[in-house]
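Open the model in your viewer and keep the selection panel at hand. The stops below say what to select next and what is there.

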Amino acid sequence: MPDVEVLAANFPIPGMGFLAVNSFVIKAEEPVLVDTGMGIESEEFMKALASVIDPGELRWVWLTHDDADHTGNLQKVLEAFPRARLAANALAVLRMSTAWAVPMDRVYWLNSGDSINVGDRELTAVRPPLFDNPTTIGVYDNKTEAFFSADFFGAIIPSPARDADDVTEGDLAQGIIGWASADSPWVHITEPSGFIGALDRIRRLGPKMIFSAHLPPARGKTEQLLELLARVPASTPFVTPDQSALEQILAQTKGGS
Ligand SMILES: [Fe+2]
Ligand SMILES: [Fe+2]
């Protein structure tokens, strides 16, 4: 992946495993940061970012949506990288503006289907078939044929991995299907043909590389992952842990300390 730097983190999900929380630097002629990591790991994130790009170099921050695990270091990044513009959906920017003063003169509003030219390639906003936030826009990079898919293609996996190939097929299937149901519970009430049509649009796009925010990088796995996702509407809906689960977790934590 000479063109893309992965800024990887792993968030432990008690009793279930780990969720990757990835941001990416696309080393385009005008370099682009896709998402800004978790606020809870701010120091590590800013250090990792500084190690792959100089302060004057970064030209774009592409925010896939305004969920906290994607905006964690956005304000810090805009301060530290003064030339960078913020590419995001209008609704994401307006929602964030209720919490902090987003510098509107640095903002670039994108809808699905819109593109920006970053010198040596076009980056196109693509709404993934599943999302947990209406502002979601993934990124299709026409030079590397990579799809930065936001929460889509995510999976909770038993242990952190650097590459999707390092996850067993069974763990990958369970993780992908479970995450899709948990993160986009509406998939169970959608018209199946509409959902299959949305998966087909990604199939036709044919990305060679999948860079999900919540899966280790996956090369040549698009068809395999799409086939897994086609099973989600008919799968058993994910049920979030309840209070008795929390009490168990707290008791274990106490016992272990
Ligand atoms: Fe999200
Ligand atoms: Fe996310």
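## First stop: the iron ions

Along the sequence, the residues that donate to the iron ion (ligand 1) follow the spacing H-x1-D-x64-D-x18-D. Donors are N, O and S atoms within 2.8 Å of the metal (3.2 Å for Na, K and Ca), and water is not among the atoms, so sites may look incomplete. Before going further, note that this is a predicted model, in which local features need pLDDT of at least 70, side-chain atom pairs count only at pLDDT 80 or more, and totals for chains, interfaces and linings use all residues. Residues are numbered from 1 along each chain as its sequence is written, chains are lettered from A and ligands numbered from 1 in the order in which they are written, and side-chain values use heavy atoms, with hydrogens and water left out.

Select the iron ion (ligand 1) and its donors: His65 (NE2), Asp67 (OD), Asp132 (OD), Asp132 (OD) and Asp151 (OD), at 2.1 to 2.4 Å. Histidine 65 sits in the loop between β6 (60-62) and α2 (68-71), and aspartate 151 in the loop between β12 (146-148) and β13 (156-157); the pair is 86 residues apart and links distant parts of the chain. The helices (H or I, at least four residues) and strands (E, at least two) named here are DSSP runs, numbered from the N terminus. Histidine 65 and aspartate 151 are both buried. Buried means under 20% relative accessible area, exposed over 50%, and partly exposed in between (1.4 Å probe, protein chains only).

Which residue coordinates both the iron ion (ligand 2) and the iron ion (ligand 1)? Aspartate 151 does, and the two ions are 3.4 Å apart. Aspartate 69, in helix α2, and aspartate 151, in the loop between β12 and β13, are 82 residues apart and also link distant parts of the chain.

Show the protein donors of the iron ion (ligand 2): Asp69 (OD), His70 (NE2), Asp151 (OD) and His214 (NE2), which lie 2.1 to 2.3 Å from the ion. Their spacing along the chain is D-H-x80-D-x62-H. The arrangement of these 4 donor atoms is irregular because the angles run from 82 to 169 degrees. For four donors, tetrahedral requires all angles between 85 and 135 degrees; four count as square planar and six as octahedral if opposite donors are over 155 degrees apart and all others between 65 and 115; anything else is irregular.

Aspartate 69 has a relative accessible area of 24%, so it counts as partly exposed. Aspartate 151, at 4%, is buried.

## Second stop: aspartate 66

Aspartate 66 is in the loop between β6 and α2. It is buried, with a relative accessible area of 15%. Its side chain makes polar contacts with the side chains of arginine 95, at 3.0 Å, and asparagine 133, at 2.7 Å. A polar contact is a pair of N or O atoms within 3.5 Å; within protein, one must be able to donate a hydrogen and the other to accept it, and residues adjacent in sequence count only if both atoms are side-chain atoms.

Select serine 42, in helix α1 (residues 42-52). Is serine 42 buried or exposed? Serine 42 is buried, because its relative accessible area is 11%. Its side chain makes a polar contact of 2.9 Å with the side chain of lysine 76.

Aspartate 35 lies in the loop between β5 (32-34) and α1. It has a positive phi of about 70 degrees although it is not a glycine. Most residues other than glycine have a negative phi. Aspartate 35 is buried, at 2% relative accessible area.

Phenylalanine 153, in the loop between β12 and β13, also has a positive phi, near 70 degrees. Phenylalanine 153 is buried, with a relative accessible area of 2%.

## Last stop: two helices

Select helix α6 (residues 192-205) and helix α7 (residues 222-229), which pack at an angle of about 175 degrees with their axes 11 Å apart. Axes are lines fitted to C-alpha atoms, for helices over the stretch in contact, and angles run from 0 to 180 degrees between N-to-C directions. Helices α6 and α7 are therefore roughly antiparallel to each other. Angles under 35 degrees count as roughly parallel, over 145 as roughly antiparallel, 65 to 115 as roughly perpendicular and the rest as oblique.
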